[in-house]
Amino acid sequence: MATILVTGGCGMIGNYVCSGLLKKGNTVIAVDKQESEYNAGKDNYIFRQAGPADQGKYGNIFDEFDIDYVVHLACSVDNDFGPIVDRAQLEECAACDKFIYKFAIAKNVQKFILLSTTQVYKQPDTREPMREDEAVKPISNYGKMKANSEMAFGNDVRNTKTMICCVMRVPMTYSLSFTENLMSRITDPRDKTIFVFRTGEYGYHMCCVHNIPDFIIGFLRQADSLTYTGVYNVADASLVMASEIISFMKTNHRLGPVLQKSSLGGSLKFKLFGDPEQKTNYRYLDVDTIDKNFMFDTTKAARFCPLRWNIKNTK
């Protein structure tokens, strides 16, 4: 089995990823600012404390262990950072980008996975599914931050002849207990009321958090040549409908009154461009995009694992 370094290994996503890799018999080195109890004490689990900008500590970790694979989850929302991405987060991520990929190349790491976001994509004009080679034009700070990470990654690994590189673009995540992203899709960003437009027959492409470790495990096990290097959209196989979010929250959690709005006119329809909160807040809901049903083409990712988790069977 492999020795795998997971940055941001004690965040929400990191906990699940490390757990899944451990179950497959791998040795996992989780690096984060603080250790969580989720995987503590498990066989073949090692924790090392370091922040994303701690270059010296990371250098020591790469020297200490013979690392086969790196899964880079640090500097991601819902894992290490909160929903507000400001200048401090941008600088911390940029500091990590300056050395993490170079360390991996210097130590002959075989495979490297970078967690990115679908917020890097330019908003499409049609409902055609967005593929991995669609135009990149991020608006949010988080999208810009991850686009810069992808660019730094590409520049550093451009000349490597052996390392198989994966950029994993993931939309908003959720699980049975983690519902903040789901709630943001049915919450008016101005007055915080919960609403549904018409009967909720529109949806958002999101990602059940359990699809992420499934894809990572599949990629690390199956991608054995440089032809697999590239970008992969990792998301649920279908949209999460607004009506499903309402039903899910009523069944599994507490949900207050839900306002049913008949149209996008009046209080709901407003433009966010130029609003600084849109740029910093990862969860900001642009109500002008509600009825566009953006989808991401997950065909490439499905080669490595079935994207079997969704809002109906999440745990």
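1. In this predicted model, helix α1, which covers residues 12–23, and helix α7, which covers residues 211–222, have axes that come within 9 Å of each other and cross at roughly 45°. The two helices are therefore oblique to each other, and the hand of the crossing between α1 and α7 is right-handed.

2. The residues that make this contact can be followed on both helices: α1 contributes Ile-13, Tyr-16, Val-17, Gly-20 and Leu-21, while α7 contributes Ile-212, Pro-213, Ile-216, Ile-217 and Leu-220. When the residues of the contact of α1 with α7 are sorted by class, nine are nonpolar, one is polar and none is charged.

3. A second pair of helices to examine is α3, made of residues 87–97, and α5, made of residues 141–157, whose axes come within 10 Å and cross at roughly 10°. Angles under 35 degrees count as roughly parallel, and α3 and α5 are therefore described as roughly parallel to each other.

4. On the α3 side, the contact with α5 is made by Gln-89, Leu-90, Cys-93 and Asp-97, and on the α5 side it is made by Asn-141, Met-145, Asn-148, Ser-149, Ala-152 and Asp-156. By class, the contact of α3 with α5 holds four nonpolar, four polar and two charged residues, whereas the contact of α1 with α7 has no charged residues.

5. Turning to open spaces, the largest pocket holds about 330 Å³ of space. It is lined by 16 residues, and those closest to the centre of this pocket are Gly-20, Lys-23, Asp-214, Ile-217 and Arg-308. The elements that give two or more residues to the lining of the largest pocket are α1 and α7, and the largest share, six residues, comes from α7. Sorted by class, the lining of the largest pocket has five nonpolar, five polar and six charged residues.

6. The largest cavity has a volume of about 670 Å³, and it is lined by 32 residues, of which Gln-119, Gln-123, Arg-185, Thr-289 and Phe-294 lie nearest the centre of the cavity. The lining of the largest cavity divides into 17 nonpolar, 11 polar and four charged residues.

7. The second largest cavity contains about 70 Å³ of space. Its lining consists of Ile-13, Val-77, Asp-78, Leu-115, Ser-116, Thr-117, Tyr-142, Val-170, Pro-171, Thr-173 and Tyr-282, and strand β5, which covers residues 111–117, gives the most to this lining, with three residues. By class, the lining of the second largest cavity has seven nonpolar residues, three polar residues and one charged residue.

Definitions and conventions
Residues are numbered from 1 along each chain as its sequence is written. This is a predicted model: local features need pLDDT of at least 70, side-chain atom pairs count only at pLDDT 80 or more; totals for chains, interfaces and linings use all residues. Side-chain values use heavy atoms; hydrogens and water are left out. Axes are lines fitted to C-alpha atoms, for helices over the stretch in contact, and angles run from 0 to 180 degrees between N-to-C directions. Helices (H or I, at least four residues) and strands (E, at least two) are DSSP runs, numbered from the N terminus. Angles under 35 degrees count as roughly parallel, over 145 as roughly antiparallel, 65 to 115 as roughly perpendicular and the rest as oblique. A crossing is left-handed if the near helix is turned anticlockwise from the far one by less than a right angle, and right-handed if clockwise. Contact means heavy atoms within 4.5 Å. Ala, Val, Leu, Ile, Met, Phe, Trp, Tyr, Cys and Pro count as nonpolar, Asp, Glu, Lys and Arg as charged, and the others, Gly among them, as polar. On a 1 Å grid over the protein atoms alone, a cavity is a set of points where a 1.4 Å probe fits but cannot get out, and a pocket is an open set with protein on both sides within 12 Å along at least five of seven lines; lining residues have an atom within 4 Å of a point. Grid points are joined across faces, edges and corners, and a volume is the space filled by probe spheres set on the points.
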